[in-house]
Amino acid sequence: MPLTRSRSSQFLPFTHHRPASHASQGRANKAAPGPGKRLGAKKGASELVVPGNIIFRQRGTHWFPGENCGIGRDHTIFAKEKGYVTFYKDPAAHPKRKYIGVVFQRGEKLPVPRNAPRRRRLGLVGRERELSTVSTGEG
């Protein structure tokens, strides 16, 4: 024999919706975004840098290291020599790449022509060598 119930309490209608007491999907339960990573230019054009100074922090290679610069494993561009920062393009090497370099004198331009003499560091000046005659000591 089936159980008998009153008609009013047999089933609740489907119109009732119980709201969630806690969010359940996606970013709702995660922490807020962390602090920024402070990427970008750390030194401007024609600004003095010493070896080891960070010039540009980036994700990926938007800029490439030029003369007297190096690149870290996180793509940070840093100075290898003391000098002044310059930003340039070198169509002969790669037509679309942007480079960051360090020059020794303020106002020098990069890239240098392929057949130009090499710039000297530390204030050295080229000069003519004198050939000395050495006696062999025979006799």
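R38 lies in the segment before strand 1, where strands are DSSP runs of E with at least two residues, numbered from the N terminus. The structure is a predicted model, in which local features need pLDDT of at least 70 and side-chain atom pairs count only at pLDDT 80 or more, while totals for chains, interfaces and linings use all residues. Residues are numbered from 1 along each chain as its sequence is written, and side-chain values use heavy atoms, with hydrogens and water left out.

R38 has a relative accessible area of 58% and is therefore exposed, a term that stands for values over 50% with a 1.4 Å probe and protein chains only. Together with K37, K42 and R59, R38 forms a patch of positive charge on the surface; such patches are made of residues with over 30% relative accessible area and no salt bridge, like charges being joined within 9 Å. A salt bridge, in turn, is a side-chain nitrogen of Lys or Arg within 4 Å of a carboxyl oxygen of Asp or Glu.

An open sheet is formed by 4 strands in the order 1-3-6-5, with antiparallel pairing, and two strands are taken to pair if DSSP finds at least two bridges between them. Strand 1 (40–41) and strand 5 (69–71) each have a single partner strand and stand at the edges, so one side of each is left without a neighbour in the sheet. Strand 1 is joined to strand 3 (residues 54–57) by 2 bridges, and A41 stands opposite F56 of strand 3. Strand 3 is joined to strand 6 by 2 bridges, with I77 in strand 6 as the bridge partner of F56. Strand 5 pairs with strand 6 (residues 77–79) over 3 bridges, and the bridge partner of G70 in strand 6 is F78.

Methods:
Patch = residues over 30% accessible without salt bridge, like charges linked within 9 Å, V, L, I, M, F, W, Y side chains within 5 Å. Areas by Shrake-Rupley, 256 points an atom, 1.4 Å probe, with all protein chains shown as cover. Lys, Arg positive; Asp, Glu negative; His and termini not counted. Charge placed at Lys NZ, Arg CZ, Asp CG, Glu CD. Buried < 20%, exposed > 50% of the residue type's maximum accessible area, 1.4 Å probe, protein only.
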